Amino acid sequence: MGTTEPAVPRIVCIGGGYCALFLVKALRRAVRRGDVELVIVSRTNFHAFHGFVGEMLSGRIQPQAILSPARRVFRPARFMNAEVTAIDLDEQQLTISRLLDGREQVLGYDHLVVSVGVADDVDGYPGLREHGLLLRDYRDAWHTRNHLLQMMEMAAIEPDPVERRRLLTVVVAGGGFGGVEVATELDEWASRLCRDEFADVDRDEVNVVLVHSGERILPELQGRHDRLVDRAERFIARRTRLDVRTGTRVIGATATDVRLDDGTSIPTRTVISSTGTASSPLLDQLQVERDDRGRVIVDDTVAVPGTTGLWAGGDCAAVPHPKGGTCPQLALFAMMHGWRIGRNILRVRAGRPPKPFGFTELGDACALGRRNAVAHLRGVPITGFAGWVLWKVFLLAFVPVWDRRLRLLLDWTLTPFTGREITQLPLDDAVGLDRERFEAGQVVFEQGEIGRKLYLIWEGRVEVVRDGQVLATLGPGQHFGETAVFEEVRRTASIRALTTVEVVTMGRSGARTLSETLESFGEAVRMRPTGLPSDPADIDLTPAPVVVEEQEA
């Protein structure tokens with residue numbers, strides 16, 4: 001009677017980030033020999049290299065240059081483009097669903113590696129969810145890039161100097177590596193675009209503001225490399241036009257301004273958040289210990305204590321640092337987590353004890369724009385142009401596929417001659433819902449403006465004003481803006497916030513589609529706003545016969 005060969009152990013990794021990259025490297029030979037099966041599960045079929053997000057925003061490199069195809073990056077592992085919806089540690093299986101319609105299937109495992117990263121904390125301050133621009137997710141970064149170009153295009157034709165200044169003011173919240181790199185890159189971007197592309201915009205009109213809660217920028221370097229912080233602050237003060245505001249933080253944002261905790265406000269339509277992270281909701285399904293930041297606590301071998309075959313690495317894990325504390329949330333540490341997990345899984349399979357995580361640091365770098373950077377390599381400081389070259393080489397070495405490295409090199413070589421990439425994808429009138437926030441006294445829209453959105457009040461109160469006369473006040477559950485949306489006329493009245501107001505907005509095409517599909521919705525929103533005088537003789541609400549501009553079509 002023959003014997004049955006034991007099944008090949010299956011290792012499943014949730015997340016396609018930096019930890020997964022080096023997990024594959026550590027297990028590549030074992031996978032090719034057939035000793036283990038490795039499966040990478042990710043919602044996106046690409047790996048985004050975030051080190052060059054600032055250059056992508058400014059058009060120095062093509063947007064797709066920071067993306068690498070997941071199926072190439074993770075070879076020879078099996079790749080599954082799906083979403084994990086449930087994890088059962090007892091049965092050692094997880095449920096994945098396809099993105100088309102949510103159809104589910106169960107995937108068993110012998111070892112599970114959790115590397116889901118972190119999300120942006122959109123509840124960090126009021127208005128961030130509605131009006132903030134984020135960079136952690138590639139789709140958010142792409143939206144931010146489009147928004148920045150759109151603001152420049154709008155400012156070029158805006159005659160009102162107040163609104164023009166608002167369009168040309170960018171606020172970056174957070175003075176760490178990410179915030180400083182984005183702010184300095186945008187400062188250089190503004191100079192280039194005003195000189196080469198936007199003749200109607202004067203460089204002095206563009207204002208990039210960096211807001212940081214600490215007394216000094218670059219907290220990642222403080223205490224260990226204070227001289228690099230000194231160098232960065234001097235360079236920014238002497239060579240850039242950045243408005244750096246330290247010792248203060250953003251406490252709120254609306255559609256037209258950013259409010260700081262020192263009582264001041266900055267008129268702007270662009271706030272980029274580089275502060276605050278939140279843990280992935282998927283971690284809530286794991287009955288394991290977590291720290292005060294929501295990260296999964298692991299031991300020094302990067303395994304989750306008290307579990308069988310469970311490992312966690314990257315930003316979502318609190319991995320003990322060899323010199324004390326926990327590892328910083330940096331890509332290089334996530335890579336090394338993945339490598340140690342992979343090697344330890346092989347050691348466990350071979351009946352040997354896993355080794356502790358021993359990586360301390362290799363170096364840090366922060367680009368400051370204008371071919372300058374501050375960096376150190378194993379503690380040796382390197383600044384200026386040499387630091388910038390080191391930063392480029394350092395990041396380029398970790399781009400996972402060779403063709404993306406080649407494209408980056410080509411972009412860096414050609415951009416000085418061809419100019420920045422300034423094409424903007426059309427922003428369609430969204431069918432879905434969005435949210436906006438307004439503070440007391442702010443005008444939601446003015447009488448006579450072209451109307452493109454319908455507003456539903458979530459909380460707070462507004463007043464309806466026509467020709468200086470208050471017609472009514474509206475509150476939660478009521479709506480406004482329907483006349484301009486459905487009758488294609490200009491706004492027949494102004495709306496002003498009486499309190500802090502949160503509204504749900506729907507674009508013109510979405511409102512029309514929903515009203516045609518759902519009869520009750522159409523009847524409700526086509527009526528005059530609830531709360532206006534019921535007797536037509538009290539006030540004339542007939543829309544003024546204004547010819548709509550051609551762009552309304």
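Helices, as the term is used here, are DSSP runs of at least four residues, numbered from the N terminus. The model on display is a predicted one.

**First stop: salt bridges**

A search of the whole structure finds 36 salt bridges. Begin by selecting R166 and E163, which form a salt bridge with their closest N and O atoms 2.7 Å apart. Both residues belong to helix 6 (residues 161-167); because they are three residues apart there, about one helical turn separates them. R166 is buried, and E163 is buried as well.

Next, select E361 and R224, another salt bridge, in which the closest N and O atoms are 3.1 Å apart. This pair links distant parts of the chain, 137 residues apart: E361 is in the loop between helix 9 (331-349) and strand 23 (363-369), and R224 is in the loop between strand 13 (207-212) and helix 8 (226-239). Are these two residues buried or partly exposed? E361 has 23% relative accessibility and therefore counts as partly exposed; R224, with a relative accessible area of 44%, is partly exposed too.

Now move to R249 and D261, whose side chains meet in a salt bridge of 3.9 Å, N to O. R249 sits in the loop between strand 14 (243-246) and strand 15 (250-253), while D261 sits in the loop between strand 16 (257-260) and strand 17 (265-267), twelve residues apart. R249 counts as partly exposed at 45% relative accessibility, and D261 counts as partly exposed at 40%.

To close this stop, select E55, R60, E185, E188, R192, K392 and R420 together: salt bridges that share partners join them into one network.

**Second stop: strand 2 and its partners**

Select strand 2 (residues 37-42), where five of the six residues are buried. Which strands pair with strand 2? Strand 1 (residues 10-14) pairs with strand 2 in the parallel sense over five bridges, and R10 stands opposite E37 in strand 2. Strand 5 (residues 78-81) also pairs with strand 2 in the parallel sense, over four bridges; here I40 stands opposite F79 in strand 5.

The structure holds 13 aromatic pairs. Select F52 and W412: their ring centres are 5.5 Å apart and their planes lie at 70 degrees, so the pair is edge-to-face. F52 is in the loop between strand 3 (46-48) and helix 2 (53-57), and W412 is in helix 11 (residues 402-418), 360 residues apart. Both F52 and W412 are buried.

Then select Y455 and F480, an aromatic pair that is stacked, at 4.9 Å centre to centre and 10 degrees between the planes. Y455 lies in strand 28 (residues 453-459) and F480 in strand 31 (residues 479-480), so the pair ties together parts that are 25 residues apart in sequence. Y455 is buried, with a relative accessible area of 4%, and F480 counts as buried at 1% relative accessibility.

Select R435 and W458: R435 lies over the face of W458, at 4.9 Å from the ring centre. Lastly, select R491 and F445, where R491 lies over the face of F445, at 4.0 Å from the ring centre.

Notes:
Residues numbered from 1 in each chain as written. Predicted model: local features only at pLDDT ≥ 70, side-chain atom pairs only at ≥ 80, totals over all residues. Heavy atoms only, no water. Salt bridge = Lys/Arg side-chain N within 4 Å of Asp/Glu carboxyl O. Helix = DSSP H or I, 4+ residues; strand = E, 2+ residues; numbered from the N terminus. Buried < 20%, exposed > 50% of the residue type's maximum accessible area, 1.4 Å probe, protein only. Pairing = 2+ DSSP bridges. Phe/Tyr/Trp six-rings, centres within 6.5 Å; stacked < 30°, edge-to-face > 60°. Lys NZ or Arg CZ within 6 Å of the ring centre and 35° of its normal.
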